[in-house]
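Have the structure open as you read.

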Amino acid sequence: MPKEPPSALAKAMKFLAARPLSEFELLTKLRRAGYPDHECDNAIAECVKRHYLDDSQLTADCVDLLHQRNLGARQIKQKLLRRGLDKEEITGLLNDSPDDEIEAAERAMEGKLRLLTREPDPRKKREKLFRFMISRGFSPDLIFKLMEKYSANND
């Protein structure tokens, strides 16, 4: 006798046991697993009811984690939007913690400057640093401000 496939809720619990997901990510995974929309919706509603799924908490946790990984607001926002999290909530959390952004930028810049100590040409060093910081999602204004601060300290 063939084995009964797991319910959408059981599959959702398995996905959530592996790592925290947003409602959008869980819905996408359940649909890919072949569950009909009404079963997916019921499973998600049950996970929310049991507090296994909380997009607000996930957003806050991810913003903190990504700041700790020295990413800028643009990069954080991009990553979280891809996960289907709420744009206004992301923006609000990022605007509430401008000091975190500055600290993350300083840590990223200090780390990159240590790697660029062998670069003899100051112009190339600035260009490499600027490209690195932009790729991490920091604003040009913040980058220029920090570059001025570090060049003043190193003169």
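In this predicted model, helix 7 (residues 98-115) and helix 8 (residues 122-135) have axes that come within 10 Å and cross at roughly 140°. That angle makes helix 7 oblique to helix 8, because only angles over 145 degrees count as roughly antiparallel.

**Helix 7 with helix 8**

- Helix 7 goes past helix 8 in a right-handed crossing.
- On the helix 7 side, the residues that meet helix 8 are A105, A108, M109, K112 and L113.
- Their partners in helix 8 are K125, L129, F132 and M133.
- Sort this contact by class and you get seven nonpolar residues, two charged ones and no polar ones.

**Helix 4 with helix 5**

- Helix 4 (residues 55-68) packs against helix 5 at an angle of about 140°, and their axes are 10 Å apart.
- So helix 4 is oblique to helix 5.
- This crossing is right-handed.
- Helix 4 brings T59, C62, V63, L66 and H67 to the contact, while helix 5 brings I76, K79 and L80.
- Split by class, the contact of helix 4 with helix 5 has five nonpolar residues, two polar and one charged.

**Helix 1 with helix 3**

- Here the angle is about 55°, with the axes of helix 1 (residues 8-18) and helix 3 (residues 37-49) 8 Å apart.
- Helix 1 and helix 3 are therefore oblique to each other.
- The crossing of helix 1 with helix 3 is right-handed.
- From helix 1, A8, L9, A12, M13 and L16 do the touching; from helix 3, the residues are E39, A43, E46 and C47.
- By class, this contact has seven nonpolar and two charged residues, with no polar ones.

**The second largest pocket**

- Rolling a probe the size of a water molecule over the atoms shows where empty space is left.
- The second largest pocket holds about 190 Å³ of space.
- Which elements give two or more residues to the lining of this pocket? They are helix 5 (73-82), helix 6 (87-96) and helix 7.
- The lining is made up of H67, A73, K77, T91, L94, N95, P98, E101, I102, S139 and L142.
- By class, the lining of the second largest pocket has five nonpolar, four polar and two charged residues.
- Look for H67 in two places: H67 is part of the contact between helix 4 and helix 5, and H67 also lines the second largest pocket.

Technical notes:
Residues are numbered from 1 along each chain as its sequence is written. This is a predicted model: local features need pLDDT of at least 70, side-chain atom pairs count only at pLDDT 80 or more; totals for chains, interfaces and linings use all residues. Side-chain values use heavy atoms; hydrogens and water are left out. Axes are lines fitted to C-alpha atoms, for helices over the stretch in contact, and angles run from 0 to 180 degrees between N-to-C directions. Helices (H or I, at least four residues) and strands (E, at least two) are DSSP runs, numbered from the N terminus. Angles under 35 degrees count as roughly parallel, over 145 as roughly antiparallel, 65 to 115 as roughly perpendicular and the rest as oblique. A crossing is left-handed if the near helix is turned anticlockwise from the far one by less than a right angle, and right-handed if clockwise. Contact means heavy atoms within 4.5 Å. Ala, Val, Leu, Ile, Met, Phe, Trp, Tyr, Cys and Pro count as nonpolar, Asp, Glu, Lys and Arg as charged, and the others, Gly among them, as polar. On a 1 Å grid over the protein atoms alone, a cavity is a set of points where a 1.4 Å probe fits but cannot get out, and a pocket is an open set with protein on both sides within 12 Å along at least five of seven lines; lining residues have an atom within 4 Å of a point. Grid points are joined across faces, edges and corners, and a volume is the space filled by probe spheres set on the points.
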